[in-house]
Amino acid sequence: MADDYVRRTAITHLSVDGEQRDLLEDTITEWKRGCQIATDLAWGRCNTKSDVQPLAYDSVREDTDLGSQHAILATHQAAQAITGCIERRSKGKKVSKPTFTAPTVKYDTRTMTVFDDDTVSLSTTESRVRCPLDLPDADDGYQRQYLDSEEWSVTESTLTARNGEFFLHIGFRRYKNETERNTAEDGTVLGVDLGIENLAVTSTAYFFSGRELTHNLREFEKVRAELQQTGTRSAHRTLEQASGRELRYVRDVLHRASNALIDEALRYDCDIIAFENLTHIRDRTGASWGHKWAFRTLYEYVGYKAESVGISVKQVGSAYTSKRCSECGFTADENRPSRNDFRCVKCGSEANADYNAAKNIGMRYVRRGRQSSRRTGDSQLALKSGTVKPKRGFTAYPDGFEAEFTDKPHPQSAEGA
């Protein structure tokens, strides 16, 4: 069962030659076609893997160059996408038939093999390609704790193409130990909001600025576009060097941000770090592809670092967290007069918009425990100057410093949505 496993993802850059690049790009193209064919056939008819696969498999095989196992995975991807639409529709959201445009392709243990010499073999539309994993020089790169461990095994992974570069998100899993199986999912929660202006903001009012990262990502994008337009062999070499520098820079920023979030959680004695669900974060924030990759990578970094200090990392639904007042629970578009400011038109509470969202994210996890059969509902949200529980209100930290107004929930918030 999936609940018996701890799952992690290690993101690695692939070193590929020209022929390998062509084969991988062709495979991504055919994968998108296969997923779309399966979705077109199953839309409005079925959504489980066991139903979509027999319905669409033959058509995917006949109309694409995908191998048999990748054709099966494409039908499963279609089933997953349709199921997501059904779930969103059940919550009153408008949905339309999924379309597959992202430059990705799924791999499993039948279509991918990771070797001890830090190379990986990947199935394509023709032959398999074997290429090196471009890992950090240092032996303590975070990928090593999964790649070099007999405890972790490779599971379903995703290959992503970006500006001529390929990144393999290798999935790993291991069995939960007895402590992890028996640990209650309650405790003190640190809410975290991710964004462009501020890369990360916590419910304890810690801000990790994203301005420098945003500026440099834009500069990297300009340089990359100019080199690609030049198209010479020299420009291609320069592009590879620039991509390497960009990757190292972004990883360094994300490591510093993840360390800061872990430090904040430890400072406030938190048991859980709660992020918003990252599935639609690009739509919500207007993030670039680079930012979306950074958000997911930051989440992964926090995940494995938190595990080493006994902290759980969770995701909660992101709907309305940016428009909901964390004080009184009132939700309206008018509450966000600008990107950075939050001003509730009902209770008059004012706050930084990202800080308000971070508190909403954390409180959503706290409230979710009250409806969960696996939890006692005894969680509390960590704030800058105290903790808060639904209905029980605010409790200041024992050292007696004065709570901020934004840390004091209004009476209405006890029953907030």
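Cavity lining and salt bridges in a predicted model

The largest cavity is lined by H13, R162, N163, E165, F167, R224, S243, E246, L247, V250 and W293. Two elements, β7 (165-175) and α7 (233-267), each give two or more residues to that lining. Of these, α7 gives the most, with 4 residues. A cavity here is a set of points, on a 1 Å grid over the protein atoms alone, where a 1.4 Å probe fits but cannot get out, and lining residues have an atom within 4 Å of a point. Helices (H or I, at least four residues) and strands (E, at least two) are DSSP runs numbered from the N terminus.

The model is predicted: local features need pLDDT of at least 70, side-chain atom pairs count only at pLDDT 80 or more, and totals for chains, interfaces and linings use all residues. Residues are numbered from 1 along each chain as its sequence is written, and side-chain values use heavy atoms, with hydrogens and water left out.

The space in the largest cavity is about 100 Å³, where a volume is the space filled by probe spheres set on grid points joined across faces, edges and corners. The structure holds 2 cavities of 30 Å³ or more. By class, the lining of the largest cavity has 4 nonpolar, 3 polar and 4 charged residues; Ala, Val, Leu, Ile, Met, Phe, Trp, Tyr, Cys and Pro count as nonpolar, Asp, Glu, Lys and Arg as charged, and the others, Gly among them, as polar. Domain 1 (5-175) and domain 2 (182-396) each supply at least three residues to the lining of the largest cavity, with the domain bounds coming from an automatic or database domain assignment.

For the protein as a whole, the secondary structure comes to 10 helices and 17 strands. Of its 417 residues, 50% count as buried, meaning under 20% relative accessible area, with exposed over 50% and partly exposed in between (1.4 Å probe, protein chains only). Among contacts with a separation of 6 or more, 63% are between residues 24 or more positions apart; a contact means heavy atoms within 4.5 Å.

The count of salt bridges comes to 12, each being a side-chain nitrogen of Lys or Arg within 4 Å of a carboxyl oxygen of Asp or Glu. One of them joins D40 and K97, with the closest N and O atoms 3.0 Å apart. This pair links distant parts of the chain, 57 residues apart: D40 is in helix α1 (residues 18-42) and K97 in the loop between α3 (68-90) and β2 (104-107). D40 is partly exposed at 39% relative accessible area, and K97 is partly exposed at 34%.

E197 forms a salt bridge with R211, the closest N and O atoms being 2.4 Å apart. E197 lies in the loop between β8 (188-194) and β9 (198-202) and R211 in helix α6 (residues 211-230), so the bridge ties together parts 14 residues apart in sequence. R211 is exposed, at 57% relative accessible area.

In the salt bridge between K323 and D333, the closest N and O atoms are 2.8 Å apart. Both residues lie in the loop between β12 (312-316) and β13 (341-343), so this pair ties together parts 10 residues apart in sequence. K323 is partly exposed at 30% relative accessibility, whereas D333 is exposed at 51%. Elsewhere, salt bridges that share partners join D118, R144 and D148 into one network.

Key:
1 Å grid on protein atoms, 1.4 Å probe; cavity = no way out; pocket = protein on both sides within 12 Å on 5 of 7 lines; lining within 4 Å.
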